[in-house]
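Visitor: I would like to learn how to read a few local features from a model. Please take them one at a time.

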Amino acid sequence: MAAMILSLACIRNESCYGDLSPRPHYPSMPKYPKGLSSDVEKNIKGSEAKALFSVIGMTCSACAGSVEKAIKRLPGIKEAVVDVLNNRARVMFYPSFVNATLIEAEINEKSTYVCRIQIKGMTCTSCTTTVESALQVVPGVQKAQVALATEEAEVCYDSKMVSCNQLIKAIEDTGFEAILITTGEDRSKIQLKVEGVQSLNSMRMIENSLQALPGVQDIDTDPELNKISLSYKSDSTGPRDFIRVIESTGSGRFKAMIFPGGGGGGRQSHRQEEIKQYYRSFLWSLVFTIPVFLTSMVFMYIPGLKRGMEAKVVNMLSAGEFLRWVLSTPVQLIIGRRFYTGSYKALRRGSANMDVLIALGTNAAYFYSVYSVLRAATSPEFKATDFFETSAMLISFILLGKYLEILAKGKTSEAIAKLIDLSPETAILLTLDNEGNVLHEEEIDGRLIQKDDMIKIIPGAKVASDGFVIWGQSHVNESMITGEARPVAKRKGDAVIGGTINENGVLHIKATRVGSESSLSQIVRLVESAQMAKAPVQKFADRISKVFVPLVIFLSFSTWLAWFLAGKFDGYPKSWIPSSMDSFQLALQFGISVMVIACPCALGLATPTAVMVGTGVGASQGVLIKGGQALESAHKVNCIVFDKTGTLTIGKPVVVNTRLLKTMVLRDFYELVAAAEVNSEHPLAKAIVEYAEKFREEKENPVWPEAQDFKSITGHGVKAIVRKKELIVGNKSLMLEENIAIPIDALEILEETEGLAQTGVFVAIDRELVGVIAISDPLKPGAGEVISILKSMEVRSIMVTGDNWGTANSIAEEVGIDTVIAEAKPEHKAQRVKELQVAIRIVASRQYFVAASMFM
């Protein structure tokens, strides 16, 4: 088992934990030995140190919890916080008792992993409970969760005590088929298709060549599909190395490419095949069931056909009964064979599931009918009564339900597929010389990116991989990660996230985290883990399901016995018994109805399917929800905190009004302002430039006048010399800093602008204020309606924004929010939410930073 890769940097005198959660998840060991004097304790407390670790290899919250628990076992640890999304661990400790080297060694001893296993053949919650119980008794398994909706198991295990193969064997011993999806270890996976392979010897030669590469851990070949599956260390090698080795083997006879469908193709193809199987079974059952239904329920009321159906074949056996027997037998014994198989497996492992109920109910109807028609065929007096239509129609309806159930399961994974689709299909790979000059550009498959590759990101394209900027500057829309609609400025040295969108400007980045290590892959795994987590109500349903099937069988038998005895002792009027039945047959029909209708399908599938859809849709909208417990407690929310930009508003500012304080042509005014603002990448500057373009003719030169001595003042505005005129464009603070007089008229215009929920931008030419530009970020169409609905539900709405108080109050008044927190920095927003939570409120937020505090 590979140990975690870890790098260390000691950081002293830090004041906070940044964006990491401040709440511990596990109890720490004693901070310092007992029995020390108070003076010594005071000295120790004053010598705290902090260390930041980069931990690579964590795949979910269980991994983070394992690392955190391992660190806190050490003496002298005051606090430890692990961030799985950013692959970091921040530790506060007392150097007198522990040092960074010991902490590093403890983390490197990590042997707990979380693997995912696909399980075929589960039909109800009884099956999932059986598999969970089998896994939990395996030595080394710390936690096991099995989800019926995804047909997967998530197992947290100690690799020193148990292997994935042993887990798979434990599942297969319960009668189900198990396929390993991922081991959870620090490794990347890829599947390659090799063309030109004509013999097993060729495939063996390729396998040996790949195995010799550094970093390759496991190789699995499928000669029928010419497929090679590899597990490897992304630090040492990558997919392009594999393709190069394959194509250089055998004198160039072989050609390799990414296998169509990628890593998740196997599960998807299995799901599609299962859908097709149930669809075919349902159609074939209809072919036989519809005639059975017609002969028993319809033809008996058509005079000509009725005589034909009642014609005797042998003794008292009629043609209709014989025909129903022949038609229902394939449905019961061939099409319904899957229920016999499922029942046998369930009973063999000492449990009862839905298949047992179906088999009991349909067998009771079918074999009683067989007994009835055989007795009629051998007796000149006995009149048969059959239930062939009952068994055939039950199996057909159950197959229809199974088909719809499989379709519903398939739709639950659509949101995960959308997340995966955020990764770009292609990337532009750069080849640089020793001085950093570009020698060559090549478009490659996005899945072929390797660590330390140089990638070019053009405007409007998705960032191909996690990394950092080595050249260029631009704005990147990171709303998929942060929930913030406003693009983030990026320049040399800044980190970028794969899947985010480059708004403007060309960037050259160096890939640092690829494949399964990328932020997007980790988000996908967090969502998958959340979908596996059971809501409290689902755990309750699982406990019921353990006794549900035996209870249904008991109630079914009791129903039959009660009606049978009531009929024998005249407990109900004889008129209740249909002319074609006796009291035994009527009681049997009631007993079968109880047994078949009381299937535990809905009990086991309703909640997990809702959790799957909820977490998946939330993820596609940028909200990470960690499991069903958060969804179940969502109805208790009594306070929701909204951010303004991009949440209540559209997130794209536009110029809505211009007020000039000096006589001049509006076109000339915007010619000067746009020439200065075109050099800025701020969203407000982009809005001004876009508006200025409306004053130009279509065939006019698109280049703006040259701006000299351009200077951008962060958070305030810009300064430049355009056409020998000094331009200062920005907010009120910038004007005051530059000692530019602001007339009363301008202040009144600014107050009026902010009263309309707009942002006012002052423009000064040659140190004289000449105009005010009003810029608005329009409200989203449904924002006011949402707040109104929340009010009717008695949920309090609060708006938190970094904008000025005037604009914030106007927006809040427009949508109907009473409580406003303006001019707040991100850390102040998070602090405010924590204060609300302390005040015994269940707080939710649209923004990611609050979603983390509530849901994660």
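Visitor: Where is the place of Thr 649?

Guide: This is a predicted model, where local features need pLDDT of at least 70, side-chain atom pairs count only at pLDDT 80 or more, and totals for chains, interfaces and linings use all residues. Residues are numbered from 1 along each chain as its sequence is written, and side-chain values use heavy atoms, without hydrogens and water. Thr 649 lies in the loop between helix 21 (644-648) and strand 25 (654-660); helices (H or I, at least four residues) and strands (E, at least two) are DSSP runs numbered from the N terminus.

Visitor: Is Thr 649 buried or exposed?

Guide: Buried means under 20% relative accessible area, exposed over 50%, and partly exposed in between (1.4 Å probe, protein chains only). Thr 649 has a relative accessible area of 0%, so Thr 649 is buried.

Visitor: Which residues is Thr 649 in contact with, leaving aside neighbours within four places in sequence?

Guide: Contact means heavy atoms within 4.5 Å. Thr 649 touches Lys 644, Asp 777, Pro 778, Leu 779, Lys 780 and Ile 811 in this way. Gly 782, 133 residues apart from Thr 649 in sequence, is 9.9 Å apart from Thr 649 in space, C-alpha to C-alpha.

Visitor: How do the axes of helix 10 and helix 11 cross?

Guide: Two packed helices are described by the angle and the distance between their axes. Here the axes of helix 10 and helix 11 (residues 337-348) come within 5 Å and cross at roughly 35 degrees; axes are lines fitted to C-alpha atoms, for helices over the stretch in contact, with angles from 0 to 180 degrees between N-to-C directions. Gln 332, Leu 333, Ile 334 and Ile 335 in helix 10 meet Arg 337, Arg 338 and Tyr 340 in helix 11.
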